[in-house]
Amino acid sequence: MDKFYRLRYCFILLLFQVALGQHKITLKADFDTKTRLIQVTQDLVYTNQSADTLSHLILNDWNNAYSSKTTPMARRFTDEFIKAFHLAKDADRGSTTINAATDQNGLNLRWYRPEEHPDLVYVQLNNPIYPGKSFTIHLNYTVKIPNDRFTRFGYSTRTGNYNLRDWYLAPARYERGFVTNSNENLDDIANAPADYNLQLRITPGYTVFCDMDKLEGDAPTTYNATNRSGFNLIAEQQISTEVFNFHDATVYSNLQDKRVNGIERSIIAERVASFMRENLGTNAGEKVIVTQADYDRNPIYGLNQLPSFIRPFPDSFTYELKFLKTYVTALLRNNLKLNPREDSWVYSFMEMELVMKYLNQYYPDGKLMGSLSDIGILKGHHIFNIAQNDQYLYVYLLMARKNLDQAPGDDKSTFIKFNEQIANKYKVAQGVKYLESYLGNNAVAQSVKEFYAKNKQEQQTNRNDIELILRKHSQKDISWFFDHIIDSRELVDYKIGRVKRDKDSVTVTLKNVTGTQVPLALYGVKKRSVVFKQWINAFEKDTTLTLPKQQADRLAINYGLEMTEYNPRNNQKTLKSFYTNRRPLKFTFFQDIENPDYNQIFYVPGFTYNLYDGLSPGIRFHNKTLLEKPFIFDVNGLYSPNTQQLIGSFSLLYNHYIRNESLYNIRYSISGNTYHYTPDARYYKFVPTIQLRMRPDDYRKNQKEFITIRQVMVERRPSAYVLTNTQSQSYSVFNARYSYINSNISHHNNVNTDIQVASLFSRVSGEYQYRHLFNDNRQVNLRFFAGAFMYRDTSNDFFSFGLDRASDYLFDYNYYGRSETTGLFSQQFIMADGGFKSILDNRYVNQWMTTVNGSFNIWNWIELYGDAGLIKSKYSNTRFVYDSGVRLNLVTDYFELYFPMYSSNGFEPSQGNYSQKIRFVVTLSPGTLLGLFTRKWF
């Protein structure tokens, strides 16, 4: 009986919650586009839908995230090396100024912004609000619209148009307390669903598009919506938005593509809208805004970023993909009642299920590379044979192989940029394929449709709702999907062990390499055709089973690429040969994605340059695929036209990645190279190395530590141009280094320590670099260096510290003319040892040295620099030295010019041959320059 009463009580409570009133927001907005200000008078009727008594209310004020360089959004820009916001003028920033806040009785309400969350407003209520009760807040505030170049939301200086989102105050979502998410440019505001009424007055000459229902009548223009988490607004002076009206939906779109005519765009819009109705229900979306800004924030990465003259897809298909992706994203953002930061994987789950289903339905034979797959020279590359919907595994593995993957079920704000925008969505997409293949029915599609309908009806949902729906439609246990795919970064890897063949059957041992217990698909294959497929339940240890052979000539795990598997290279064994692991060798031009059917070797033309070898062409052989492998070899053979000799380099590298530890990578390598260090002599270098790499648990921190231990063995052939002796011709140096780096746009800290031990000398040195960009956009750069010899038994300066140019006896630096003492190539500057730019009398120091290098910008990339130091060589007194001048810091560490002015030599411009005193930094290495891009993503 007690159980009956408890159930009845729960049922009554549920009815009570459903019957609770919806929050109501009425906005009266006067929008002056000339001043970019919106004067807002707002009434908020808030109904306490929780079981708690409320003493305060939290409002999301995400427009105020643009107000300073220290907000959470600004800090995220800084962490991702995005300078635009930090360098912006105050006039380009946005803000919200609250003029008044009163309750329903006209009494003032106390409010404040937390120091760490300036885009949230805490409103202290004059009286507690009990469950089921409502209260009204009256607000008056001024919204200053930001420039759209930061987040693509705001006003465009180019067109004068406005794309507005989250510019008004809205109550935060409540779940055991208010959700206090700040704006971090993730487009994941957690508003409480409400009924909206917007009365808008705007400067004449603007056309407004809003994804709420427009009411007929005179000014002010009025829009209504019920049970929404927010709304979008476009105001255009130069109209670029098209309106597509269908029988139960209206789509506003300003996607830009002049190559697709209006009729084609209308057909595409109707097809996408119709598809969504079929798969989400008849109320899939009454009004949807599809904007170029939304697409640009989350584009289809890859071939659609290629120049326009490379068109692997028809123009209409490219537009259709863009429209589909942006439409689905807008639809889910408008209608799902989740916490989008905490449950971001649910958005990805639904988005990717719909996108994949659409492509399967309308483009079942589509290739990832489009028409490029038909070009004969490219057909041999595996990447050009990948189906459109098979790309997701590879993109997920791109991060997993680097040990940079993150669990999709984690908080969205903890993701590094590449995971947040690409890799995690693609892992979820691969998980959708995995789940659909495993269940073998329409369970996933039914669950997506039911969950969407639930969100249209209810005020708030969470991940538990979709989990319950998925389990309800599944006839198998799917706990593994949530435990090991969504909420974990555990790796999945099975392999085929011993195989015993009989006439009509085969006995196979399956091994769980990583221990992650998920089901696996075992295939029998004959001449690339599947003759059987069997799902094997998850197991922890090895398992052996006997199967009918069914004329299969090969066994394969994950042959359909449905699993989120880490290493597909151990998935197949032939039943035709004694050597069951045999894979043929395949030579491929340039590079390719990993193909588990072959042992791949890539060859690519290349060149290098230094003064003595000249522009040296050659060919490089390596096994680096687009996905990182544990073992990598790289052999680069080059021809030196100046010396008419072969030169080049090689490396053998093994990466050992450690999951879930601060020591995340141990790298073992052996490398060597030989180039000419003078016109008539070469050097040989051979280096075995062990490097330990460490990082913090928070992957978003741009912080790394390295411990490198190596033995550098060098042999220099004698030269008629450079004085050498037996001590400097053949030597071996033990080298141990520790490096720490913590860097972003506004702060850079770098510590390096170095110990070198050889038979002729032993030296120790340390270096600290500091860079700070102030809020007034002034930047200071400081570097401290100290080094000393512990012992030294050599008579020349070959192994000495360099004041303005390191002697580089370890051949670590890319000097283009390393033995030059005059001329342009002698003026190349690499920050090492003393770091001076002027050439002083004492260029080398053989006892100890301490220096400080600094610079400060006076306008943009024009800086003043100065160096000072104390140097001490054997049989000489300690000397104080200095220099100063002007630095053109065009691209830090990559392209710089130094113009000496005053130094220990005196006033340098007056001393003649001034052009020979100018120093330059030029980096030609593509890999180094690529770091400027990748640091924003990884």
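Predicted model: local features only at pLDDT ≥ 70, side-chain atom pairs only at ≥ 80, totals over all residues.
The protein contains 14 helices and 45 strands. Its radius of gyration is 33 Å, which is close to the 30 Å that the globule rule gives for 938 residues, so the protein is as compact as a globular protein of that length.

Among the strands, four form an open sheet in the order E22-E21-E24-E25, and their pairing is antiparallel. Strand E22 (529-536) and strand E25 (572-574) stand at the edges of this sheet, and because each has a single partner strand, one side of each is left without a neighbour in the sheet. On average, and with direction ignored, neighbouring strands of the sheet are turned by 15 degrees against each other. In general, the strands of a sheet are paired through backbone hydrogen bonds, and this pairing is either parallel or antiparallel.

The largest cavity has about 150 Å³ of space and is lined by 17 residues, of which Tyr 66, Phe 153, Arg 165, Asp 166 and Asn 183 lie nearest its centre. Strand E9 (residues 162-165) gives the most to this lining, contributing three residues. When the lining of the largest cavity is sorted by class, seven residues are nonpolar, six are polar and four are charged.

The second largest cavity has about 70 Å³ of space. Its lining is drawn from separate parts of the numbering, with Asp 79 and Glu 80, then Ile 416 and Lys 417, then Tyr 699, Arg 700 and Asn 702, and finally Arg 935, Lys 936, Trp 937 and Phe 938. By class, this lining has four nonpolar residues, one polar residue and six charged residues.

Definitions and conventions:
Residues numbered from 1 in each chain as written. Heavy atoms only, no water. 1 Å grid on protein atoms, 1.4 Å probe; cavity = no way out; pocket = protein on both sides within 12 Å on 5 of 7 lines; lining within 4 Å. Points joined across faces, edges and corners; volume = space filled by probe spheres on them. Helix = DSSP H or I, 4+ residues; strand = E, 2+ residues; numbered from the N terminus. Nonpolar A, V, L, I, M, F, W, Y, C, P; charged D, E, K, R; others polar. Pairing = 2+ DSSP bridges. Axes fitted to C-alpha atoms, helices over the stretch in contact; angles between N-to-C directions. Rg over C-alpha atoms; globule rule 2.2 N^0.38 Å.
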